[in-house]
Structure formats: structure tokens, C-alpha cells
Amino acid sequence: MTDLYKAYGDAAERMLHFVETRSTDQASGVFEVPVAHYLDEARWQKEMDLIFRRLPLMLALTIELPRMNDYKAMDVMGQPVLITRGKDGKARAFLNVCKHRAMHLAKEGKGNCSRFACQYHGWTYANDGQLVGIAEASTFGDVDRRTLAMTELPAEEVAGMIFVILTPGLPIDVRSFLGGMLDDLAALRLETWYYHKARTMEGANWKVAFDGYLEGYHFQAAHTQTVATRSPSNRASYEAFGPHIRLGFPQNGIGRLKELPRDEWGKQENDGYDFIRILFPNFSFFLAPEMCQYAQLFPGPTPDRNLTVMNYIYPTAPENEEEMRKLDEMSDFFFQVVLDEDYALGLKVQNGLESGATDRLTFGRNEPGNQYFHKWIDHYLSGCEGPPPVLRA
């Protein structure tokens with residue numbers, strides 16, 4: 001933690017400087033993105049194929065499947081995904097499909113069972129993916145059950161998070177993918193939290209939505225009575241770890257850090273400044289002492305829309321109905337702020353893009369996170385030709 005606290009303290013020092021000098025982290029110049037990048041269906045499909053179906057996606061927390069035989073079944077951009085925890089404690093992921101006639105196996109949601117019986121013809125699979133039962137097997141005919149196992153997806157559990165690649169057979173190395181962000185995430189000890197609930201919201205093109213997570217330039221105009229009462233607009237620090245970003249927002253009271261020894265500044269997260277941890281391509285994570293809200297953005301079902309899953313976790317589980325009610329109220333408040341002040345705005349941006357009013361969007365020097373995000377998209381769509389982007393070229 002010593003190195004992390006030093007990194008946090010250095011970021012805090014920069015944020016304090018930005019507040020005192022009315023400045024912010026900056027790129028070397030402005031950056032233009034063609035509007036077609038948000039609208040073109042062929043490009044959107046390429047993003048799906050080369051980014052969302054080939055990179056590790058954070059699909060579940062360890063605390064969502066804490067016990068042997070726990071499972072989570074979900075639709076991920078039209079793909080039926082089943083995540084299980086076997087009797088050996090390992091988290092695995094599969095396409096949630098019976099190999100007999102392609103019926104889904106587990107119903108969407110969470111539960112606990114060691115076997116899944118197909119609702120169509122009753123074929124049964126163990127939660128390690130193996131076919132263990134064929135209804136009326138004596139009448140069906142000879143088959144090699146080993147070839148009829150569920151299709152496994154690459155999956156790896158790291159730092160209290162379960163990552164899955166949606167394409168079978170690809171290699172997965174989450175630790176390398178996270179790079180320098182791994183220690184940061186591991187230090188949060190997410191495996192000790194309580195998972196409360198998730199809610200979904202529909203929004204504009206996934207990049208329109210994610211652009212809003214990557215800057216604080218909009219705080220004063222879009223969040224006058226909410227976020228702007230906590231954090232000043234257009235003051236932010238950016239640190240890159242491969243395609244991922246740790247984004248720092250000072251709080252209005254960050255000046256209190258000067259009352260503390262400099263080597264204590266790195267221990268003041270949420271008490272002078274906040275971090276938003278961004279994992280490429282679609283994960284945004286805000287942690288506070290009393291709660292955590294994290295967003296998973298999934299493109300589609302058409303290029304002009306995304307489905308965002310907002311998740312809420314807390315340090316400890318509620319002990320009674322009153323505490324449960326308070327957690328619900330807190331979760332719902334944060335959800336409503338994002339829905340009303342971010343995603344409603346994003347839908348209007350989508351309409352503006354489709355209006356033909358402009359053929360390009362311009363990201364300022366004060367929006368280095370957005371520039372970096374779009375450069376990484378281009379990098380992956382190019383087949384990763386050339387050197388990877390840098391945050392402040």
C-alpha cells in the first residue's frame with residue numbers, strides 16, 4: 001500500500017494545485033472525433049467484434065457468487081452467459097446453452113445449484129459444464145457426451161472481480177490486461193463488501209454515455225445541485241494504466257489537506273478528493289466509505305443505444321429492515337442522478353448527432369480522458385497496429 005498511497009498523494013497534490021490555480025490536467029491539443037464514429041453501423045459492429053467480444057469484461061464480483069454452486073445467468077449484448085462457482089471453488093463461465101437443441105439452461109438471475117436441467121427436453125449439466133444426463137437416454141441413440149458439454153468462455157477471477165471474454169477459445173490474462181491498475185483494485189478488497197442490488201437504464205450510443213464518465217468539465221452545467229456541490233467543475237487529474245484510467249476529482253474542501261502532513265495525503269480518498277476507476281472498454285467504478293456505485297455499459301441492441309447496469313455494494317450487510325431501507329434509498333438516489341442528469345442528457349446528444357448539425361465533435365485539452373479513450377478504440381479497431389496511445393502526447 002505504501003506505493004499506492006504515494007501515488008494517491010501525488011494525485012492529491014496535483015488536484016489541490018488545480019483548484020488553487022483554476023487549472024486541470026491537459027492534453028497537448030484539441031482532438032476531433034467524426035460524428036460518424038457514433039452513428040455508423042459498420043463501425044459499431046467492428047467495435048462489438050474487436051473490442052467487446054475479444055477483451056476481458058468485468059461481469060460479476062466475487063461477492064455475487066460467494067458460495068460453492070452459486071451462479072449468475074445474464075444476457076450480455078445478446079449473448080446468454082452463465083457464470084458458476086464449482087465445488088472446487090473456481091469461477092467458470094459458459095454460453096448458457098444446451099447442446100441438444102440450443103435452449104437456454106439457467107434462467108436469468110442468481111441462485112445456487114450444482115446442476116442445470118434444460119426446460120425443453122430435460123438434459124442436465126453440471127456446473128462445471130459437463131453433460132451429466134440425457135432424458136430417456138436409451139431411446140436417444142449413441143452420442144459422445146464429452147462433445148456435448150456447455151461451451152466454456154475464457155474467465156478469470158482477480159481482485160474480487162470475475163472477468164469473461166465472450167469468444168470461446170481466446171487466451172485470457174486479466175493481470176496483464178489490468179497492468180498497473182491491478183494493485184489499485186486489489187487494495188479495495190472488494191471480496192469483503194456486501195452486494196446490494198443492480199438496476200438498469202437505457203442510454204445513447206455507448207461512447208456517448210462513456211464520454212460522460214471521463215471528465216468533470218460538465219459538473220457545473222449538468223450537476224449544479226448534486227455533483228457540483230461536492231466537486232468543482234473542470235478540475236481533474238488523470239493517470240493511465242494501459243487503456244485504463246484512474247481519474248481524480250478534488251472536493252470543494254480539498255484545502256484541508258494542507259493541515260495534514262504531506263505523507264498523509266494519500267490516505268484521504270473521499271475526504272478531500274475522489275477517484276473514479278475506469279476499466280476499458282465499459283466499466284466505471286466510484287467508491288466511497290459508505291457505498292460504491294459501479295457501472296457496466298453494454299452497447300446495443302442497436303448502434304444508437306446502450307444498456308447500462310448500475311450496481312450498488314456496501315461495506316457491510318444490513319442487519320434489519322430499516323438499514324435495508326436506507327441502503328435502497330441511497331442506491332436509488334445515486335441511480336436517479338445518473339438517469340436524470342447524465343443519461344437524459346446523453347439521449348439529447350444522440351439526437352443532436354443524428355440531426356446533421358455537425359460532422360465532428362471536438363474534445364478540448366481539458367478532456368484528456370476522452371481523447372485517450374477514443375484513441376484506444378481506434379487502436380483496437382486497427383488490429384493494434386502501431387504503438388499504443390499515451391495519455392498526454
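## Exercises on a predicted model

The crossing of helices α7 and α10 is right-handed in this predicted model.

**Exercise 1.** Describe how α7 and α10 pack, and state which residues make the contact.

*Solution.* Two quantities are required, since two packed helices are described by the angle between their axes and the distance between the axes. The axes of α7 and α10 come within 9 Å, and the crossing angle is roughly 145°. On the side of α7, the contact is made by W206, K207, F210 and D211; α10 contributes N370, F373, H374 and I377. By class, these contact residues comprise four nonpolar, two polar and two charged.

**Exercise 2.** Determine how the buried residues of helix α3 are arranged around its axis, and what covers them.

*Solution.* Helix α3 spans residues 41-52, and its buried residues are R43, W44, E47, M48, I51 and F52. Viewed down the axis of α3, these buried residues fall within an arc of 150°, so they line one face of the helix. The general rule is that an α-helix has 3.6 residues a turn, so residues three or four places apart point the same way. The cover over the buried residues of α3 includes α2, β2, α7, β18 and α10. At the start of α3, a side-chain oxygen of D40 lies within 3.2 Å of the backbone nitrogen of A42.

**Exercise 3.** Decide whether Q293 is buried or exposed, and identify its side-chain polar partner.

*Solution.* Q293 belongs to strand β18. Its relative accessibility is 12%; the cut-off for buried is under 20%, and Q293 therefore counts as buried. The side chain of Q293 makes a polar contact with that of Y312, at 2.9 Å.

Definitions and conventions. Residues are numbered from 1 along each chain as its sequence is written. This is a predicted model: local features need pLDDT of at least 70, side-chain atom pairs count only at pLDDT 80 or more; totals for chains, interfaces and linings use all residues. Side-chain values use heavy atoms; hydrogens and water are left out. Buried means under 20% relative accessible area, exposed over 50%, partly exposed in between (1.4 Å probe, protein chains only). Helices (H or I, at least four residues) and strands (E, at least two) are DSSP runs, numbered from the N terminus. The arc is that of the directions from the helix axis to the C-beta atoms. Contact means heavy atoms within 4.5 Å. A polar contact is a pair of N or O atoms within 3.5 Å; within protein, one must be able to donate a hydrogen and the other to accept it, and residues adjacent in sequence count only if both atoms are side-chain atoms. Axes are lines fitted to C-alpha atoms, for helices over the stretch in contact, and angles run from 0 to 180 degrees between N-to-C directions. A crossing is left-handed if the near helix is turned anticlockwise from the far one by less than a right angle, and right-handed if clockwise. Ala, Val, Leu, Ile, Met, Phe, Trp, Tyr, Cys and Pro count as nonpolar, Asp, Glu, Lys and Arg as charged, and the others, Gly among them, as polar.
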